[in-house]
Amino acid sequence: RKISGPDAATVVITGYSFGTVIAHQMAYQLEQHGMQNVRLILYDMEVKFPPPLNDDRLGGGEWLGGEIEAILLMTRGAGHFDKAREAAARFRSQPKEERDVKTFRKMAEEQVVASGRGMSLELFTHFVDRGGRNMDQLTDISTPWEPQGIFDGETLLVMAPESPEFATCKEVNARS
C-alpha cells in the first residue's frame with residue numbers, strides 16, 4: 001500500500017467519546033510515520049486534554065468508579081442533568097468508604113425506568129454492571145497516558161451545539 005504521494009490512499013479514522021482519544025493518537029502516529037492522507041472525525045469529544053473539571057459534563061470531575069459513573073450517565077441520559085450534577089458533587093465531597101452507592105443506584109433506576117425513554121430495569125442493571133466494569137477498565141488503561149503530540153491533518157468535530165464541550169470548542173477557536 002502506498003502511504004505518500006498523489007496515488008496514496010486516504011485513511012479516515014473516527015472515534016466517539018473516549019474513542020476520540022484513541023482515534024486522535026492513531027492519526028497522530030500515522031502522520032508521524034509519513035502518511036499524508038489521514039483524516040480524522042471525532043464525535044462527542046473534549047477539545048482540551050486533559051479535560052477541565054466540570055460537573056456539568058460527562059466525566060467532568062475526578063473518577064468516581066465505574067458503577068457510579070455508569071449510574072450518572074444513565075441519569076443524564078434520562079434527562080435528569082441537575083440530579084446527576086448534584087450527586088456527582090456530593091460523591092466527590094465524601095470519602096470513598098462513605099459513599100452510599102446502593103441508595104443512589106436504587107433512586108436512579110426508578111427515575112430512569114420511569115422516564116419513558118424505553119429503559120427497562122433489566123437494561124438499566126445490565127448497563128450499569130457491564131458498562132461500569134468497562135469504564136473502570138478503560139480508566140485503568142488510560143489514566144497514566146499522556147498524548148505524544150497533536151495531529152495536524154484535517155479534522156471534523158461533531159458534537160451537540162448545546163453541550164458544554166461545544167462551548168469549550170468555541171472558546172478554543174476564538175483564541176486561535
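## Basis of the description

Residues are numbered from 1 along each chain as its sequence is written, and side-chain values use heavy atoms, with hydrogens and water left out. Because the model is predicted, local features need pLDDT of at least 70 and side-chain atom pairs count only at pLDDT 80 or more, while totals for chains, interfaces and linings use all residues.

Strands are DSSP runs of E with at least two residues, and helices are runs of H or I with at least four, numbered from the N terminus; two strands pair if DSSP finds at least two bridges between them.

Strand β2 (residues 38-43) pairs with β3 over five bridges in the parallel sense, and R39 stands opposite E154 in β3.

## Helices α2 and α5

Helix α2 (residues 66-77) packs against helix α5 (residues 121-142) at an angle of about 130°, with the axes 7 Å apart. Axes are lines fitted to C-alpha atoms, for helices over the stretch in contact, and angles run from 0 to 180 degrees between N-to-C directions.

The contact involves residues of α2 including G66, I71 and M74, and residues of α5 including F124, G131 and D136.

Notes: Contact means heavy atoms within 4.5 Å.
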